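Please consult the sequence and the structure alongside the text.

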Amino acid sequence: MADSRNQQRTLVLLRHAKAEQSQDVPDVERPLTARGHADAATAGAWLARHALLPDLVLCSTAERTRQTWHGVALGMTGSPPEGGPAGPVPVVRYEAAVYEAQPDDLLELVRGVAPDTGTVLLIAHNPGISLLSGLLDPQRADPDGLRTADLVVHRPTTGWAALAPAAAPITARHTP
């Protein structure tokens with residue numbers, strides 16, 4: 001097992017892709033639009049090109065976030081998230097608490113990640129996901145927040161359990 005004190009950690013924050021604006025279904029059940037599906041796959045391809053394949057995915061249970069993860073997985077590997085020849089399959093945890101989470105709630109969730117986990121992908125909603133990015137790197141975070149399917153890569157300077165405000169500089173970002 002790697003020495004978790006010296007291991008580089010990566011936290012990738014992803015706001016879900018573009019969802020339908022429907023009054024006919026509850027908000028939690030809104031599906032992605034065609035553009036949303038395409039943007040999610042593009043985000044996955046970007047992650048693969050930049051060697052940011054997650055070891056752990058923390059995903060809201062909302063329909064649009066689950067569909068975003070599916071699209072990201074297809075974009076990363078060219079195969080469904082259940083696995084394929086392109087590489088190891090990350091552990092995926094669907095977390096109901098992520099749906100309406102505040103930044104402190106999301107930070108607490110990330111602090112619970114196993115110490116030897118290298119790359120975490122958190123797929124969540126605004127305003128929580130944008131506010132978390134700003135909390136982790138107030139200097140480099142986009143003041144307008146994350147748009148749909150935006151990716152922001154943070155590199156924590158501590159272990160997961162000690163992750164604190166202003167302790168995870170942004171090193172990259174991607175907007176489809």
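Against which strands and helices do the buried residues of H4 pack? They pack against E1, H3, E4, strand E5 (151-154) and strand E6 (170-174), where contact means heavy atoms within 4.5 Å and buried means under 20% relative accessible area, exposed over 50% and partly exposed in between (1.4 Å probe, protein chains only). Helices (H or I, at least four residues) and strands (E, at least two) are DSSP runs, numbered from the N terminus.

This is a predicted model, in which local features need pLDDT of at least 70 and side-chain atom pairs count only at pLDDT 80 or more, while totals for chains, interfaces and linings use all residues. Residues are numbered from 1 along each chain as its sequence is written, and side-chain values use heavy atoms, with hydrogens and water left out.

**Nonpolar cores**

- A nonpolar core is a set of buried Ala, Val, Leu, Ile, Met, Phe, Trp, Tyr and Cys residues joined through side-chain atoms within 4.5 Å.
- The largest such core comprises 24 residues, and Leu 11, Leu 58 and Leu 122 have the most contacts inside it.
- At least two residues of this core come from each of E1, strand E2 (56-60), H3, strand E4 (119-124) and helix H4 (128-136).
- The element giving the most to this core is H3, with four residues.
- A second, separate core has 20 residues, including Val 12, Trp 69, Ala 73 and Ala 149.
- Beyond its neighbours within four places in sequence, Leu 58 is in contact with Arg 93, Leu 109, Val 110, Val 113, Val 120, Leu 121, Leu 122 and Ile 123.

**Helix H4**

- The buried residues in H4 include Gly 128, Ile 129, Ser 130, Leu 132, Ser 133 and Leu 136.

**Salt bridges**

- The whole structure contains nine salt bridges, each defined as a side-chain nitrogen of Lys or Arg within 4 Å of a carboxyl oxygen of Asp or Glu.
- Arg 64 and Asp 27 form one of these through their side chains, at 3.0 Å from N to O.
- This pair links distant parts of the chain, 37 residues apart: Arg 64 belongs to helix H2 (residues 63-77), and Asp 27 to the loop between strand E1 (10-15) and helix H1 (34-49).
- Arg 64 counts as buried because its relative accessibility is 4%, whereas Asp 27, at 35%, counts as partly exposed.
- A network of salt bridges links Asp 27, Arg 30 and Arg 64.
- Within helix H2, Glu 63 and Arg 66 lie three residues apart, about one turn of the helix, and form a salt bridge whose closest N and O atoms are 2.6 Å apart.
- Both partners count as partly exposed, Glu 63 at 23% relative accessibility and Arg 66 at 34%.
- A salt bridge also joins the side chains of Glu 108 and Arg 111 (3.0 Å, N to O).
- Glu 108 and Arg 111 are separated by about one helical turn because they are three residues apart in helix H3 (residues 103-111).
- Glu 108 has a relative accessible area of 49% and is partly exposed, as is Arg 111 with 25%.
- An α-helix has 3.6 residues a turn, so residues three or four places apart point the same way.

**The loop between H3 and E4**

- Asp 116 is found in this loop and is partly exposed, with a relative accessible area of 36%.
- Asp 116 and Glu 95 are 21 residues apart in sequence, and their C-alpha atoms are 20 Å apart in space.
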